[in-house]
Amino acid sequence: MLTKEEVQHIAKLARIELTEQEVEKFQKDLSEILDYFDILKSAKTSGVEPMTHSVPLQNVMREDTPQKQSLEVVEELIEMAPEKEKGFVRVKEVFSQGKNK
Amino acid sequence: MTNQSLSIKDITTGLSQKKFSAVELVQSFLNTIKEKEKNLNAFIEITGDLALKEAKAIDEKIVKGVDLSVLAGVPCAVKDAILVEGQRCTAGSRMLKDYVAPYDATVIKKIKDAGAVIVGKTNMDEFGMGASTENSAFGPTKNPHDLSRVPGGSSGGAAASVAAYESVVSLGEDTGGSIRLPASFCGVVGLKPTYGAVSRNGIIALASSLDQVGPFAKTVEDAEILFNVIRGKDPADSTSVEPQISNDQFLISKLRIGVPKEYFAKGLDPQIEKVIREAIKKFEEAGAHIEEIELPNTKYALATYYIINTSEASANLARFDGIRYGEQAKETANLLQTYIRSRGESLGPEVKRRIMLGTYALSVGYYDAYYIKAQKVRTLLKQDFDSAFKKVDIIAGPVSPFLPFKIGERVDDPMAMYLVDIYTVPVNLAGLPGISVPVGKVGNLPVGLQLIARPFREDLLFEIGKLAEQHAK
């Protein structure tokens, strides 16, 4: 069974704020699901390669040249941001004296 | 004019013979939608203006004598994870409740070029996470066959809209069964193409190694027509493939159908088993060779799926942080609070659960035990199918162990909900194509037959699906 601290740690890594009730509910849910995942312990995988892709494709690359977009498109995309200013997306301070811990 | 049983070809004929105009046709579907939606909730957004504009353009082409394209005038509904330019695209989430798509997904460009008329964006489990459409931030969709029951998920709205004659066809998306399950529960045809057959450009991603867009229709023929419009390599999706089309002649007497014993084990509702075995028997009576096969690693499929799905989802949903789009929490003190509060406030419980599971499975100390292990077991599951396809051409079985369940029955128990997808997830893990074709009922509840083929052999799924359809008449 996951501890409350473990749940809060995962939530912080996932950048999700949880209420007290959510922490309790997820503690129970996540523990149950993780217990179910233990079934994989009995799968015989020595010498087996991990499969990241079902279809065997080689990396498909294009030329690394920028595809310029019109000003309209840029404006439309900026418009979608909840906070914007003078054609830029506005965010809170990224570097601040130890506040973002 | 009744729009109940119109097929794509009926519409092409009807329009070219001027039995009705495209505007008249779409108006009648929009009326049906208006009438049924209060009970069904299949749509998050009804795109009436767009539909009428597209229909008008089709009528102008008819007047000019321009040849009708293959989907001209055909009312199509689109799952709300697929971007349609200028229309809201919510992915069933509060996080994107006011997000307007800035471009068309590649599949949407293709259906628009083919003349389809988009009638609305359909309801879904939030970000594709669910098997019942109960995890939508916009209320559940009801099963048209029994309004107290779920339509399946996550593409529940897209399946229900076809089943209720609100649209002729629809586009859904399937990561672990999200087309095949609602197709089975709603009594319509639903295809999950081979991974790579259809472009994922413009689809709000859930799990990038599993997601595929596919068609819903009343008939296999209509599903085939729509699939042929949306398939194809796309430079904007590096995982898309232009396959060789098989020229094999189909002969029922040469067909070998595999029936996996693991898909008929304890847990399968005996009423469903009866319907499925009858459908398989009819193939045998028609001359096919039926053989029991083994897919021995099936018992690991669900755990493998949920580790990979949640891990990939935790990465794909990291972008929903309230900065570039979506809902942003108000009055936060610093950047970290903006992230954690925007996500905490606007993401639903199942989404949070899955992001957290994925974050855990990928974290230091657990990555090998969970994620790498699951990717290895995924190889074993693929090997099971490869071995089976040495002996048989098609695998047949049920879509789900359960009949459409009551709304509220499973939504508070995550594991109970995950078990619904037990026969569909292996197909996504192996990247194979799978179709659900309605073959019977238990009472008034539809039952779908799942057919699985080798990569890029959707043609076989259509041939055998059409047979199953005929047998079920």
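Q: Which residue has the backbone nitrogen that the side chain of B:Asp269 reaches?
A: This is a predicted model, in which local features need pLDDT of at least 70, side-chain atom pairs count only at pLDDT 80 or more, and totals for chains, interfaces and linings use all residues. Residues are numbered from 1 along each chain as its sequence is written, chains are lettered from A and ligands numbered from 1 in the order written, and side-chain values use heavy atoms, without hydrogens and water. B:Asp269 sits in the loop between β7 (256–260) and α8 (270–285) of chain B, helices (H or I, at least four residues) and strands (E, at least two) being DSSP runs numbered from the N terminus. At 2.8 Å, its side chain reaches the backbone nitrogen of B:Gln271.

Q: How far from B:Asp269 is the nearest side chain of opposite charge?
A: B:Asp269 is buried, that is, under 20% relative accessible area, where exposed is over 50% and partly exposed lies in between (1.4 Å probe, protein chains only). B:Asp269 has no salt bridge, meaning a side-chain nitrogen of Lys or Arg within 4 Å of a carboxyl oxygen of Asp or Glu. The nearest side chain of opposite charge belongs to B:Arg410, and the distance is 8.6 Å.

Q: Which residue of chain A forms a salt bridge with B:Arg353?
A: Side chains of opposite charge can pair when their charged atoms come close. B:Arg353 has such a partner, with the closest N and O atoms 2.5 Å apart. The pair crosses between chains, from helix α11 (residues 349–362) of chain B to helix α2 (residues 20–37) of chain A, and both residues are buried. The partner is A:Asp29.

Q: Which residues are linked with A:Asp29 in a network of salt bridges?
A: The network includes B:Arg353, which pairs with A:Asp29.

Q: Why does B:Glu285 count as exposed, and B:Lys281 as partly exposed?
A: The two side chains meet in a salt bridge at 3.8 Å, N to O. Both lie in helix α8 of chain B, 4 residues apart, about one turn of the helix. B:Lys281 counts as partly exposed because its relative accessibility is 45%, and B:Glu285 counts as exposed because its value is 61%.

Q: What is the relative accessible area of A:Glu79?
A: A:Glu79 is placed in helix α3 (residues 71–79) of chain A. With A:Glu72, A:Glu75, A:Glu76 and B:Glu85, A:Glu79 gathers in a surface patch of negative charge; patch residues have over 30% relative accessible area and no salt bridge, with like charges joined within 9 Å and nonpolar side chains within 5 Å. A:Glu79 is exposed, at 54%.

Note on methods. Areas by Shrake-Rupley, 256 points an atom, 1.4 Å probe, with all protein chains shown as cover. Lys, Arg positive; Asp, Glu negative; His and termini not counted. Charge placed at Lys NZ, Arg CZ, Asp CG, Glu CD. Polar contact = N/O pair within 3.5 Å; in protein donor to acceptor, adjacent residues only side chain to side chain.
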